[in-house]
Amino acid sequence: MKVLVSVKRVIDYNVKVRAKADNSGVDLANVKMSMNPFCEIAVEEAVRLKERSIKEGRVATEIVVVSIGPTTAQEQLRTAMALGADRAILVESAEELTSLAVAKLLKAVVDKEQPQLVILGKQAIDSDNNQTGQMLAALTGYGQGTFASKVEVNGDSVAVTREIDGGAQTVSLKLPAIVTTDLRLNEPRYASLPNIMKAKKKPLEVLTPDALGVST
């Protein structure tokens, strides 16, 4: 089973955000950037699924991480590979993209990679839109389990326990499916130094929206 995980480069959550002098946007000069915390949870869950797969004697899962953004987003993709992903794809774009544009690009990557499971963070801490996963599900026609606090893959289906206003709800989705992660799903691990070094040699493919046939 192949798992595709989407990650986003954002301002580190410990950084105090400052506006530009002309109030035209956020000042990114000399600001520490990191992986979106919800995306870290998505990567961790994919790695745990892979470890569980190996332990149970089944075919090991391949984890592919994808990011849409500037060239510097390769840093976050290398971090994801240090955490356990096998390879990475960067869709290079310097534009400020809408959630729908991101979903269209991810749909093109899904068509190219044909994963059985797509995991995304439920939202990014910079925009807090909480839209991309749902839009991707609509574009692909896949079942979706949002705000996941527990994920269990059984054969050709995945059971997702999701957080709702009244408590928790469990939905069963036929694979391929899309899952968006909530904070209670897991606690991400730290990358070890040997794995950070290994990640530098893992394959990272760079694509453009034009190469994927998507107009943003």
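This report describes the cores, helices, salt bridges and surface of the structure shown above.

## Basis of the description

The model is predicted, and local features are reported only where pLDDT is at least 70, side-chain atom pairs only at pLDDT 80 or more, while totals for chains, interfaces and linings use all residues. Residues are numbered from 1 along each chain as its sequence is written, and side-chain values rest on heavy atoms, with hydrogens and water left out.

## Nonpolar cores

The largest nonpolar core holds 36 residues. Such a core is a set of buried Ala, Val, Leu, Ile, Met, Phe, Trp, Tyr and Cys residues joined through side-chain atoms within 4.5 Å, where buried stands for under 20% relative accessible area, exposed for over 50%, and partly exposed for values in between (1.4 Å probe, protein chains only). The residues with the most contacts inside this core are Val5, Val43, Val65, Leu117, Ile119 and Val158, and its largest share, seven residues, is supplied by helix 1 (residues 37-55). Helices (H or I, at least four residues) and strands (E, at least two) are DSSP runs, numbered from the N terminus.

Which residues surround Ile119, once its neighbours within four places in sequence are left aside? Ile119 is then in contact (heavy atoms within 4.5 Å) with Val3, Leu4, Val5, Ser6, Ala42, Ala46, Leu49, Val179 and Thr181.

## Helix 2 and its end

In helix 2 (residues 74-83), the buried residues include Gln76, Leu77, Ala80, Met81, Ala82 and Leu83. Ala82 has a relative accessible area of 5%, and, apart from neighbours within four places in sequence, Ala82 is in contact with Ala191, Asn195, Ile196 and Ala199. Between the C-alpha atoms of Ala82 and Glu62, which are 20 residues apart along the chain, the separation is 14 Å. Just after helix 2, Gly84 takes a positive phi of about 140°.

## Salt bridges

Across the whole structure, a search finds 16 salt bridges, each being a side-chain nitrogen of Lys or Arg within 4 Å of a carboxyl oxygen of Asp or Glu. In one of them, Arg9 pairs with Glu75, with the closest N and O atoms 3.4 Å apart. Arg9 belongs to strand 2 and Glu75 to helix 2, so this pair ties together parts that are 66 residues apart in sequence. Glu75 itself is partly exposed, at a relative accessible area of 46%.

Another salt bridge joins Asp86 to Lys50, the closest N and O atoms being 2.7 Å apart. Because Asp86 lies in the loop between helix 2 and strand 5 (87-92) and Lys50 in helix 1, the pair ties together parts that are 36 residues apart in sequence. Asp86 is partly exposed, with a relative accessible area of 24%, whereas Lys50 counts as buried at 17%. A further salt bridge, at 2.5 Å from N to O, brings together the side chains of Glu113 and Arg87, and it links distant parts of the chain, with Glu113 in helix 3 (residues 99-113) and Arg87 in strand 5, 26 residues apart. Both Glu113 and Arg87 are buried, and salt bridges that share partners join Lys2, Glu62, Arg87, Lys112, Glu113 and Glu205 into one network.

## Thr140 in helix 4

Thr140 is placed in helix 4 (residues 132-140) and is buried, with a relative accessible area of 18%. Two polar contacts involve its side chain; the term covers pairs of N or O atoms within 3.5 Å, of which, within protein, one must be able to donate a hydrogen and the other to accept it, and residues adjacent in sequence count only if both atoms are side-chain atoms. The side chain of Thr140 reaches the backbone oxygen of Ala137 at 3.4 Å, and a polar atom of that side chain lies 3.3 Å from the backbone nitrogen of Tyr142. Leaving aside neighbours within four places in sequence, Thr140 is in contact with Lys107, Val110 and Ile178.

## The loop between strands 2 and 3

Val26 is found in the loop between strand 2 (9-11) and strand 3 (33-35), and is partly exposed at a relative accessible area of 37%. Ala21 is placed in the loop between strand 2 and strand 3. Is Ala21 buried or exposed? Ala21 is exposed, with a relative accessible area of 87%, and its C-alpha atom is separated by 41 Å from that of Asp165, 144 residues apart along the chain.
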